Amino acid sequence: GKKKKKGKKKKKGKKKKKGKKKKQKGKKKSKGRQDGCTADEPCLTGLVKYLKQMKDKVSNFESQRKRIQKFIKISTNKGNKADIFKPILMKVMATGGANLSAPRCQGERESAGLANLTSLIAGLSGCQGTVEEACLALRPEFDPTYVEDCGVIVDTFEANVEDCLTKEEGERCTCWNSEDLSTSSAALAGCDISKLSQDVAKFKKNCTNQFAACRKLEDSAAAVIFQCSPKSNPTYLLQQIKGSNLNKAALTQLKAAVQEVAGKSRLKRQTTALSCADFAANLIKLLDMLIENPADATGPKEAEKMIAQKPASCTEAELQGVTGKIDQAMEMTDVAVKLATERYKAIVGSPPTEEEINKVNLE
């Protein structure tokens, strides 16, 4: 009984295999009919050729054309704004004394930063011409009409192929063998902008590199201007510190004198004294000067003169706002000392010593 069952199983297995073979044969037939060119060799040859052109020629042309248009636009834009570096050049030149033949750094011809200044002026001076040449003059020559005409050919060929792909199965072979498709394919073969695309890519790279080099010079200008400004001269900075300190001391004495005058009752005016109105007016004038220039070398002498000419007494109304203005001027001397000290440290590498400050001449 068991042997009979085994025999039945073998027969069943054979039947299943036969069924699979039939299905596979059926699949092969339907795949061969999909292009509608199963028995037409020219149709199959054309089909392969045209689809290869779509994959290689058409897609490459589109990317190349877009790249050419994009790169030329970028380069033209950069070339048209080549004069953007002129304002910073003017600032650097002004820092050097506006004399190209004899520039100065920190107001001197002999300075450690002079080489950086002259190098920056030379680089920025050439930027406009360099960028205009790299981004405009060196643009590869080509015929835009040729590229446009090829664009039309590519679009026509692509449309013809798409039309064949959408045809009914029985009409496809006729479509692949059509003269219109053959003609547009031959025209497409004559369109090649790959060399132009490479040339434009090189041109754009050189343009952006030159522009970036000038941007780098522009970025370095701030440090050079800071270093070579006459206000970065160590002697000048020491004068600012010393002058501001002396003016603060003078203002402290002046404030005490004003408080003394305002605190007394009306007394007989001395013959050398100013009227309260003149004293207040002259005070405001001196204080405005020191607020604008806290290190003004004439400040201490002017303050001393004001103290010598102070009235015996004045009302608070006559000296209104004077004390507040003195405080403002004193605050500005502190700010000036702080800024000059920080700048001196940045230029020299260490803060100024008391000896250096006291030794500097204010004249």
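Analyst: This is a predicted model. Ala329 belongs to helix H13 (residues 322-348).

User: Why is Ala329 called buried?

Analyst: The cut-off for buried is under 20% relative accessible area. Ala329 has 0%, so Ala329 is buried.

User: Why does Cys173 count as buried at 10% relative accessibility?

Analyst: Buried means under 20%. Cys173 has 10%, so Cys173 counts as buried.

User: Why is the pair of Tyr50 and Phe157 called edge-to-face?

Analyst: A search of the whole structure finds three aromatic pairs. For Tyr50 and Phe157, the ring centres are 6.1 Å apart and the planes stand at 75 degrees. Rings pair if their centres lie within 6.5 Å, and planes over 60 degrees apart count as edge-to-face. The pair of Tyr50 and Phe157 is therefore edge-to-face. Both residues, Tyr50 and Phe157, are buried, and together with Trp176 they form one aromatic cluster.

User: Why is the pair of Tyr50 and Phe157 said to tie together parts of the chain?

Analyst: Tyr50 is in helix H2 (residues 41-80), whereas Phe157 is in helix H6 (residues 144-165). These parts are 107 residues apart in sequence, so the pair ties them together.

User: What makes the charged end of Lys78 count as sitting over the ring of Phe211?

Analyst: For Lys, NZ has to be within 6 Å of the ring centre and within 35 degrees of the ring normal. The charged end of Lys78 is 4.4 Å from the centre of the Phe211 ring and sits over that ring. Lys204 is placed in this way over the ring of Phe71, with its charged end 4.7 Å from the centre.

User: How do you know that Cys127 and Cys214 form a disulfide?

Analyst: The sulfur atoms of Cys127 and Cys214 are 2.1 Å apart, and the cut-off is within 2.5 Å. The pair therefore meets the definition of a disulfide. The angle about the S-S bond is -110 degrees, and the link is left-handed. Cys127 lies in helix H5 (residues 127-137) and Cys214 in helix H9 (residues 194-228), so parts 87 residues apart in sequence are tied together. A search of the whole structure finds six disulfides.

User: Why is the disulfide of Cys135 and Cys207 called right-handed?

Analyst: The torsion about the S-S bond of Cys135 and Cys207 is about 95 degrees, so this disulfide is right-handed. The distance from S to S is 2.0 Å. Cys135 lies in helix H5 and Cys207 in helix H9, so the link ties together parts 72 residues apart in sequence. Both Cys135 and Cys207 are buried.

User: What makes the disulfide of Cys164 and Cys175 left-handed?

Analyst: The torsion about the S-S bond of Cys164 and Cys175 is about -80 degrees, so the disulfide is left-handed. The sulfur atoms of Cys164 and Cys175 are 1.9 Å apart. Cys164 lies in helix H6 and Cys175 in helix H7 (residues 169-176), so the pair ties together parts 11 residues apart in sequence.

Notes:
Residues numbered from 1 in each chain as written. Predicted model: local features only at pLDDT ≥ 70, side-chain atom pairs only at ≥ 80, totals over all residues. Heavy atoms only, no water. Phe/Tyr/Trp six-rings, centres within 6.5 Å; stacked < 30°, edge-to-face > 60°. Helix = DSSP H or I, 4+ residues; strand = E, 2+ residues; numbered from the N terminus. Buried < 20%, exposed > 50% of the residue type's maximum accessible area, 1.4 Å probe, protein only.
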